[in-house]
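User: I'm new to this one and would like a quick tour. Can you walk me through it?

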Amino acid sequence: MPPIPTEPAVARIQPNATPPELIRNFCIIAHIDHGKSTLADRMLQFTGVVQPRDARAQYLDRMDIERERGITIKSQAVRMPWAVVGEDGTETPHALHMIDTPGHVDFTYEVSRSLAACEGAVLLVDAAQGIEAQTLANLYLAMENELEIIPVLNKIDLPAAQPEKYAEELAHLVGGDPADVLKVSGKTGEGVEALLDKIVETVPAPTGDADAPARAMIFDSVYDTYRGVVTYVRVVDGNLNPRERIAMMSTRATHELLEIGVHSPEAIPTKGLGVGEVGYLITGVKDVRQSKVGDTVTSAAKPATDALGGYSDPKPMVFSGLYPIDGSDYPALRDALDKLKLNDAALNYEPETSVALGFGFRVGFLGLLHLEIVRERLEREFNLDLISTAPNVVYDVTMEDGEEVKVTNPSEFPTGKIGEVREPVVRATVLTPSEFVGTVMGLCTDRRGQMQGMDYLSEDRVELRYTLPLAEIVFDFFDQLKSRTRGYASLDYEPSGDQAANLVKVDILLQGDQVDAFSAIVHRDKAYDYGVLMTAKLKEIIPRQQFEVPVQAAIGARVIARETVRAMRKDVLAKCYGGDISRKRKLLEKQKEGKKRMKNIGSVEVPKDAFIAALSSDPSSGKDKKK
Amino acid sequence: MPALPDGVPMPDDGALPPWVGTPRSGGGREFGVYVHVPFCTVRCGYCDFNTYTAAELGGGASQAAYAGTALREVELAAKVLADVGLPERAVSTVFFGGGTPTMLPAGDLVRILDRVRGTWGLAPGAEVTTEANPDSVTPSSLEELAAAGFTRVSFGMQSAVPRVLATLERTHDPARIPDVVRWARDAGLRVSLDLIYGTPGETLADWRESLDVATATGVDHVSAYALVVEPGTKMAAQVRRGQLTLPDEDDQAAKYELADELLSAAGLGWYEVSNWARTAEDACRHNLAYWRGHDWWGIGPGAHSYVAAAEADDGGARAGVRWWNVKHPRRYAAALEAGRSPGAGRELLTADEAYLERVMLGVRLAEGLDLRVLRPSGRQAVAGLVARGLLDGTAALGPGGMAARAVLTRRGRLLADAVVRDLTA
């Protein structure tokens, strides 16, 4: 009997008419590059929902950026049929819902909602690399959600694969026997059928009350140019059907249900969704903020009384100023952000102006990758050339007189008598080969980390847990970690409240005038280092003026570092005879044109490019974060 | 070789736009003639001038035939100027430059000068200069030039230090300098020495020695130029390959200041950023004509010419016309042979461009720029430039009831381009 259900069997698993015991909801937890999308592609193929001729790599990743970077930003849910044949030869069809979760630390909340929509998780680990910190964090998240974990080693076809070694590591982590760890190759397809059987066998069927008022949890919400917002839901109780209005329990807003269906993997409208089923809703709203991840959907006519737990508003953790390099692109940037916002409930922004950079926006992000993705989409999809200021976190400042100030832009750090400054902290997990333990501990200590614990995952792999200020992570921590461990260490972190800290604002002054884009809030012990770094950098970048220009770093009125751009002594062409005049005039015209592109900080003329150079060479841009 | 500027095509007959002419009011502009002689025995590593070392360039362009070709352009110039209705003006200054004009037999230079004289006449007291390489003159060749009407000679001395001359690939013997100066003065010629500072490897002491040797000859005029390594020269390649290291601008500034100091001490005052003379009569009048915006005709391959409009005008592209000849002597000869203008292109200056040139050139002079020439924004910039020590405060106030002028201080001379940008902002 083939594992793809026969026609009579398929009739038993029609959407809105599938008994919960024939449904399996699972997700795949994996590190970037560990082959999740390839495995998912293979499952689509083996279950017959994608014909080989339609197959393309990373079928489910729809955004260009997702496919290019090999990461998933928005989650997906696909319904696949799969039959198992019992010992007595009877065929039992099942509807599998695979929820492809976002795989990055910035999107932990989205991950937690995706996990909440499942009863089981495939823990997919590269057999040549072992588990990474981010996977570990998501694994813990899945275990907290009481998901059934199926440990799987992928890429067993690779010559460098060490399935025995890493099977032990996985068994150690999830508890169990190394022999129970499945071994597959997404590339060759080896072991994939066994995995599908295993999912049916071990993942619990969903349970819910079919007669109760409808309750469905939103685990993702995507803006589509043609269809408006497409909302992904998992029905917990009751039934949603296309004839009734629905209500969002957090806002009490009601919407017409224009379409309801499942993806398999293309959208297929259905007559509804029943208990345990995963599918999509279209209501005609145009903004994902009206259909928030974590919210509960119910029937407007017969609403449930209690929302499903776990809803929270996305909270930006990292802020950065985004400025168009060409000032006339400002309206285009505003329009582009407005459009991105439709599809990104976590994105928020306010206009701001900078003396050095002109008009732009202060934008809040979930994290560095979120920042990078937004920036890349703005540049790529909207053709904007942007410069971003060094990312910073949010500080809560309490003045001595009790006034409280929330600081999202360092240049707005209050002057005057400050009582206390609080900064966000994170619980960070670093996985590293044991030879680098000392190095990693050094880095964490240097970044004001507090060690919380350390475990050997295997003989040569260690898990280190630290509490670290988020600001330290935002400032080139990841790059440092990678370079100091030759790329072997991996990092994950999650917000963990805040702490009071001895923080000061360091301003950078050109001839006494503050350059707002370079102000930074740093720990008092690091202020001098930052000052020296920035003044030295600017000294190299700022062209010589007709007068000497001091470049200073200061805390309040106290100068902590100083460099000097020496006065320009010569700016004249020695020879200017008959044959030189046209050329010389054109040179001057060009220089005068260049002068128009200068920014004035006080009387110092600085080419806009210089600020861009100073900001772009900043190590905290979070590049290669994905690796 | 510097590329020719971008311009608009030159009419075949070289005709000038009808609006050029002498001003209807005020003093007339002088008329000068420049003659470019595009030959040298060797090309120096730093040189980007339009010059050739071969005696025979083919197509009728040879050193021997050059004078004859130049005479044709004099004839063309006379016709073009007459056709546009410019009143005939006697020539105030003639300047033979190069290349090395003295590569040609003195007789050839004399033939060209005679034709200029025969065509337009020389104004009373006209200045006639030739550049010369110190090793291509003799007492008798200098006497021949003086007898034919030359009044001035400018020697390319560059440096008194053999090591520096070697880097520049100059072949002359520096020991000859005092001799050639004496010969020229004995022949009754005014003498200028050209110096270059900032050659890779030149120390401040080297430069001081060159200045000392130059002033010790008692010359009445010195030009001193910072070395500029132009792209495409052999020296630029040497710098690119790291064989030579360019001095930085601070070094060049220090050397400029030393030059100004030593030359002033020797009785030579600056009258233009890179030129010093003992008295006003010793200044090079031909070059002053460029800086003062007078008219000139450049004869020879690659030479530029300029004729201003009759009146400052309505803002269109009709404030003056500048054109330039084709660069290669062979194409130059061919054009004249065929009765065509050798002009390669030209530009019709707008009022804004003419204004920028006037400020850019006028400010380089010790006599300065009449502040009334400046537009209001430029006049407003004067006070700041005085405060920053770049313009002379007394001159800017109009000392003794004289017209106020923008005159550069020594520091201002080194930052003259910045001053021009401020005055024309």
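User: To start with chain B, what share of its 425 residues is buried?

Analyst: Quick background: this is a predicted model, where local features need pLDDT of at least 70, side-chain atom pairs count only at pLDDT 80 or more, and totals for chains, interfaces and linings use all residues. Residues are numbered from 1 along each chain as its sequence is written, while chains are lettered from A and ligands numbered from 1 in the order in which they are written. A residue is buried if 20 or more other C-beta atoms, placed from the backbone, lie within 10 Å of its own, exposed if 12 or fewer, and partly exposed in between. For the 425 residues of chain B, the buried share is 48%.

User: And what is the secondary structure of chain B?

Analyst: Helices (H or I, at least four residues) and strands (E, at least two) are DSSP runs, numbered from the N terminus. Chain B comes to 15 helices and 14 strands.

User: How many residues of chain A are in contact with chain B?

Analyst: Being in contact takes C-beta atoms, placed from the backbone, within 7 Å. On the chain B side, 37 residues take part, and on the chain A side the number is 25.

User: Which residues have the most contacts inside the largest nonpolar core?

Analyst: A nonpolar core is a set of buried Ala, Val, Leu, Ile, Met, Phe, Trp, Tyr and Cys residues joined through C-beta atoms within 7 Å. The largest has 176 residues. Those with the most contacts inside it are Ile29(A), Ala121(A), Val122(A), Leu123(A), Leu124(A), Val152(A) and Val430(A).

User: How many residues are in the second, separate core?

Analyst: Members from both chains turn up here, including Ile581(A) and Phe31(B). Ala132(B) and Leu193(B) are in this core too, and its size is 129 residues.

User: How many bridges join β28(A) to strand β29 of chain A?

Analyst: Strands pair if DSSP finds at least two bridges between them. β28(A) and β29(A), which covers residues 558-565, run antiparallel. They form a hairpin with two residues between them, and Gly556(A) in the turn has a positive phi of about 60°.

User: What is the bridge partner of Ile508(A) in β28(A)?

Analyst: Strand β25 (residues 503-510) of chain A runs antiparallel to β28(A) (residues 549-555), with four bridges joining them. The residue we want also stands opposite Ala561(A) in β29(A). The partner of Ile508(A) is Ala553(A).

How values were computed:
Two residues are in contact if their C-beta atoms, placed from the backbone, lie within 7 Å.
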